Amino acid sequence: MTYGAGVEMSLKTFPQLVSEALRHDPGRPFITAYDESRGWRTELSMTTFANWVNKTANLFVDEYLLGEDDTIRLDLDSHWLVPVFLGAAWTAGIAVTTDRDVAAHLVVSGPNFADHLDTDIPVVATSLDAFAGRFATALPEGVDDFGALWPGQPDVFINPAPPTEMSVAWRYPDDSASQKELVARAHQVMAQRQGTRLLTAFHPLHDCAVPTVLTALLQQGSLVYVAHPRDEEWVERYGSERVTDTLA
């Protein structure tokens, strides 16, 4: 059975969805991100997004020795790197959480890394600039600079034990969701959407926004993220992006 633009319902893991998207149209825009508080715009094609995911998955696995049954806690401001970190974790079969009550094996933080120095959990921090560059100053002991680490990672991620549809994708304090369950939610979201290029100012880690990353893959579509819109006219401001639906 086929659902959407040539995407089969049998595809239930993140790596499968990315492979299908790359086969279908690798050069299409996938994520367009604006930060109105910092004044920048960044766009990633499907190929570029997949490359960032692979590099980051290699970082998680090779540098931090993470794998199946491990969990990464994301504590990040709205940024195009958030879907990259989600995708990298799911590609490697690693679960994600945003909750401090869930045991984590690595924290991925923004410039607010000081919030995580009181634990023994390794921390990798990103400056959250437009191109994921290094911090301008040295970081304290126990905090690694993502901007210094990602350039040296391989462009190809080879996983001898790829995640399955039952691999845990998200952990809550008292529950979890598998990759299959998140993809099923994405199908539900897709049934409610009016088009394939979605504009949103929701944080990519917001409950209603997380499935949209998978929905965009299912639809062979794309996402336009707007961080920190400066006024209520932000939807009208991005009409030039040829969006077909808005999550506001």
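Me: What classes of residue make up the lining of the largest cavity?
Reply: This is a predicted model. In it, the lining of the largest cavity has six polar, three nonpolar and two charged residues.

Me: Which residues line it?
Reply: Arg193, Gly195, Thr196, Arg197, Leu198, Thr212, Thr215, Ala216, Gln219, Ser222 and Leu223 line the largest cavity.

Me: And which elements give two or more residues to that lining?
Reply: E12, H6 and E13 do. H6 has the largest share, with four residues.

Me: What volume are we talking about?
Reply: About 40 Å³ for the largest cavity.

Me: How many cavities of 30 Å³ or more does the structure hold?
Reply: Three.

Me: OK, back to H6. Which strands does it lie across?
Reply: Helix H6, residues 210-219, lies across strand E3 (29-35), E12, strand E13 (222-227) and E14. Its angle to E13 is about 150°.

Me: What is the strand order in that sheet?
Reply: The order is E4-E3-E13-E12-E14. It is an open sheet of five strands, and the pairing is mixed.

Me: Which are the edge strands?
Reply: Strand E4, residues 40-45, and strand E14, residues 245-247. Each of these pairs on one side only.

Me: What does the twist average?
Reply: From one strand to the next, the twist averages 15°.

Me: Do E12 and E14 run parallel or antiparallel, and how many bridges join them?
Reply: They run parallel, and three bridges join E14 to strand E12, which covers residues 197-200.

Me: Leucine 198 is in the cavity lining too. What is its bridge partner in E14?
Reply: Aspartate 245 is the bridge partner of leucine 198.

Me: Which residues are closest to its centre?
Reply: Pro15, Val18, Ser19, Asn54 and Thr91 are the closest, out of 13 residues that line the largest pocket.

Me: Which helices each supply at least two residues of its lining?
Reply: Helix H1, residues 14-24, and helix H2, residues 46-63. The largest share of the pocket lining is from H1, with five residues.

Me: How do the pocket residues divide by class?
Reply: Nine residues of the lining of the largest pocket are nonpolar and four are polar, with no charged ones. The lining of the largest cavity, by contrast, has two charged residues.

How values were computed:
Residues numbered from 1 in each chain as written. Predicted model: local features only at pLDDT ≥ 70, side-chain atom pairs only at ≥ 80, totals over all residues. Heavy atoms only, no water. Pairing = 2+ DSSP bridges. Axes fitted to C-alpha atoms, helices over the stretch in contact; angles between N-to-C directions. Contact = heavy atoms within 4.5 Å. 1 Å grid on protein atoms, 1.4 Å probe; cavity = no way out; pocket = protein on both sides within 12 Å on 5 of 7 lines; lining within 4 Å. Points joined across faces, edges and corners; volume = space filled by probe spheres on them. Nonpolar A, V, L, I, M, F, W, Y, C, P; charged D, E, K, R; others polar.
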